[in-house]
Amino acid sequence: MPTTPSHTGRVAVVTGAAGGFGTTISLELARRGADIIAVDLKAAEATVSAVHGIGRKGIALQADLADPEQVEAITGDMLGFAGHVDILVNNAGVFPFRDIWELDFAEWKRIQAINLDSQFLMAKAVMGSMRESSWGRIVNLASNSLGLAVPNMVPYMAAKGGVVGFTRALATDLAPHGITVNAICPTASSTPGGQDFIGDEVLHAVAEMQAIKRIGTATDIVGAVCFLSSDDCAFMTGQTIVADGGLMRV
Ligand SMILES: NC(=O)c1ccc[n+]([C@@H]2O[C@H](COP(=O)([O-])OP(=O)(O)OC[C@H]3O[C@@H](n4cnc5c(N)ncnc54)[C@H](O)[C@@H]3O)[C@@H](O)[C@H]2O)c1
């Protein structure tokens, strides 16, 4: 007898869904029965076409999620798409290497805004809908670089450290409403962002330091996202899962 896919009837917002982890996450959630709201600074129509190809509903919304006004502008469309939002995957991010001696305050603030403020703004936009149904799952993307001595990552690591703190604190405040909040730390991976920000040489060097010595891909974290956004994750919240080929040990 066929089993019902784990995410049937769920509506998931995935940020950074135009490419990289966000596309893979959107498609796997759709395969597991979810309808998808694909949000990105760039056009995410290709992701939504693929979601339709799987037989699920989807819409693409374009916004700079570091900007509160742009998040507010898409909130009506997110909540109106199916009348409810059940899952938020806060995945959008940038990971530029910056020399601390050159970094100015404007750039520091911009990197915080994209990687951390966006997660706060998106959670605020949809958590009221989760509270109405007494069920919600928020999954925030952090990074294994937090536990490593990686040079030139001060603003990024500060933001991702903030993501872990945000996850822990939000988990406590939303638990009474049936909403769990967890984070995932991927390793350096071969996404478009991984190629642009990290580059081939460092991707290979990081892979060599992992217990599992191959470069990470988006597929390597999607199982963790699916678990954390499912019914199976009802009693686990405020946690950070490291899905990085066994590099960082917590
Ligand atoms: N790939 C890696 O090596 C790696 C490692 C650890 C953690 N991460 C984290 O995983 C997440 C996804 O990474 P990825 O490798 O898929 O990156 P990616 O660059 O391939 O994709 C990120 C997506 O986010 C979107 N985005 C960027 N800024 C945005 C903004 N202001 N508003 C809306 N959308 C925006 C981009 O347009 C892009 O489509 C990020 O949070 C990143 O920090 C990635």
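Analyst: A residue is counted as near a molecule or strand if one of its heavy atoms lies within 4 Å of it. By this criterion, 29 residues surround the ligand, and the closest are F21, D40, Y156, S189 and T191. The model is predicted: local features need a pLDDT of at least 70 and side-chain atom pairs count only at pLDDT 80 or more, whereas totals for chains, interfaces and linings use all residues. Residues are numbered from 1 along each chain as its sequence is written, and side-chain values use heavy atoms, with hydrogens and water left out.

The backbone of S189 places an N or O atom 2.7 Å from an oxygen atom of the ligand. For N91, a backbone N or O atom is found 2.8 Å from a ligand oxygen atom, and a polar backbone atom of G193 is also 2.8 Å from an oxygen atom of the ligand. The ligand has 820 Å² of accessible area on its own, of which the protein covers 95%. Such areas come from the Shrake-Rupley method with a 1.4 Å probe, and for residues only the protein chains shown count as cover.

The sheet is described in terms of DSSP runs, numbered from the N terminus: helices (H or I) have at least four residues, and strands (E) at least two. Two strands pair if DSSP finds at least two bridges between them. Seven strands form an open sheet with parallel pairing, in the order 3-2-1-4-5-6-7. Strand 3 (58-62) and strand 7 (240-243) are at the edges with a single partner strand each, so one side of each has no neighbour in the sheet. From one strand to the next, the twist averages 15°. Angles of this kind run from 0 to 180 degrees between N-to-C directions, with axes fitted as lines to C-alpha atoms, for helices over the stretch in contact.

Is D35 buried or exposed? D35 counts as buried because its relative accessibility is 11%, where buried means under 20% relative accessible area, exposed over 50%, and partly exposed in between (1.4 Å probe, protein chains only). The side chains of D35 and R56 are joined by a polar contact of 3.1 Å. Contact in general means heavy atoms within 4.5 Å; apart from residues up to four places away in sequence, D35 touches R10, V11, A12, R56, K57 and F81.

Elsewhere in the sheet, strand 5 (136-141) and strand 6 (179-186) pair in the parallel sense over six bridges, with I179 of strand 6 as the bridge partner of G136. In a regular strand, side chains alternate between the two faces of the sheet. In strand 6, both faces are covered: I179, V181, A183 and C185 on one side, and T180, N182, I184 and P186 on the other, are all buried.

Helix 4 (residues 105-133) lies across strand 1 (11-15), strand 4 (87-90), strand 5 and strand 6, and runs at about 175° to strand 4. One of its residues is Q112, which counts as buried because its relative accessibility is 11%. Beyond neighbours within four places in sequence, Q112 is in contact with D117, P155, A158 and A159.

Most residues other than glycine have a negative phi. S134, in the loop between helix 4 and strand 5, has a positive phi near 55°. S134 is partly exposed because its relative accessible area is 49%. N152, in the loop between strand 5 and helix 5 (154-174), has a positive phi near 65°. N152 is likewise partly exposed, with a relative accessible area of 39%.

Helix 5 also contains A171, which is buried with a relative accessible area of 3%. Not counting residues up to four places away in sequence, A171 touches V181, T237 and G238.

Notes:
Polar contact = N/O pair within 3.5 Å; in protein donor to acceptor, adjacent residues only side chain to side chain.
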